[in-house]
Amino acid sequence: MSRDQATEISGSGVTEDIGDATVRYLLYGLLPGWFVPGVADWWMHRRTRIQETAGVKESLILPRCLKGVGGAPTLMMTEVGIPIALTLRYEVNPPLLSVQPGATAAHEATALWDVRTAVDSDREVRPVEQHIHSFLESLPFGALSALMCRHADQVKSLVRGGRGDPDAWRLVPRRRPLSRGCLAGIGVAIGACVLLPYGEELWRFRRARRRDEKRFTSDEARFRATEGR
């Protein structure tokens, strides 16, 4: 921005806070950017009958005790949801900046595993779905880079180990908390665009798994009856 432009804006009484602009970008840019392709990805899963192809195999991505509850979609939603929840509730500081890169890296690793599982299965993964995945993978990096640019002082504090301040490693509630209406709106959007569609997908996973278990039990009983003759 030139000096003349800055003088013109200042003279018009228009001011812009970088922090407010960053928050608006995250709330009204990146979050909707997550919702729309997220729903599109769910639709691609549904139309290719993921529960009968990659879905059962995909559950192997989770620990054994959680098999059959959705695999990679559940894991990636957790990896994205935790940093979002923390950022909405707490100030950006070293502990928060420690969680976010770790969650971003974990999300990327899970996404690669997810795509590999889908490609190796009988499910058709079309180019449009690959592009949707690419867009979803870029969002955590966009959010992280925006926060790091906005809070460069906290990034320096993280690199320097908190600058010797013991309170630097304590989660601090936001000094300017988001309004209840804003948080409620975010909650409704997450429920409608993330939890509801992927909850339906998890239900299809579980139903397909139960059907496979019943089929296996029936085949095993038939085999034993044949062996006993």
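**Helix packing and core in a predicted model**

Of the chain's 229 residues, 36% count as buried. This is a predicted model, in which local features need pLDDT of at least 70, side-chain atom pairs count only at pLDDT 80 or more, and totals for chains, interfaces and linings use all residues. Residues are numbered from 1 along each chain as its sequence is written, and side-chain values use heavy atoms, with hydrogens and water left out.

User: What makes a residue count as buried?

Analyst: Buried means under 20% relative accessible area, exposed over 50%, and partly exposed in between, with a 1.4 Å probe and protein chains only. By that rule 36% of the 229 residues are buried.

User: How many helices and strands does the chain have?

Analyst: The chain has 8 helices and 0 strands. Helices (H or I, at least four residues) and strands (E, at least two) are DSSP runs, numbered from the N terminus.

User: Why is α5 called roughly antiparallel to α6?

Analyst: Their axes cross at roughly 175 degrees and come within 10 Å. Axes are lines fitted to C-alpha atoms, for helices over the stretch in contact, and angles run from 0 to 180 degrees between N-to-C directions. Angles under 35 degrees count as roughly parallel, over 145 as roughly antiparallel, 65 to 115 as roughly perpendicular and the rest as oblique. The angle therefore makes α5 roughly antiparallel to α6. The residues of this contact divide into 11 nonpolar, 5 polar and 2 charged.

User: Why is α5 called roughly perpendicular to α7?

Analyst: Helix α5 (residues 94-120) and helix α7 (residues 152-159) pack at about 85 degrees, with axes 9 Å apart. That angle is within 65 to 115, so α5 is roughly perpendicular to α7. P94, L97 and S98 of α5 make the contact with Q154, V155, S157 and L158 of α7. Contact means heavy atoms within 4.5 Å.

User: What classes of residue are in the contact of α5 with α7?

Analyst: There are 4 nonpolar, 3 polar and no charged residues. Ala, Val, Leu, Ile, Met, Phe, Trp, Tyr, Cys and Pro count as nonpolar, Asp, Glu, Lys and Arg as charged, and the others, Gly among them, as polar.

User: What makes a set of residues a nonpolar core?

Analyst: The set must be buried Ala, Val, Leu, Ile, Met, Phe, Trp, Tyr and Cys residues joined through side-chain atoms within 4.5 Å. The largest such core has 22 residues, of which L27, L31 and W34 touch the most other members. Helix α2 gives the most to this core, with 7 residues.

User: Which residues does W34 touch?

Analyst: Leaving out residues up to four places away in sequence, W34 touches V80, I84, L136, L139 and V194.
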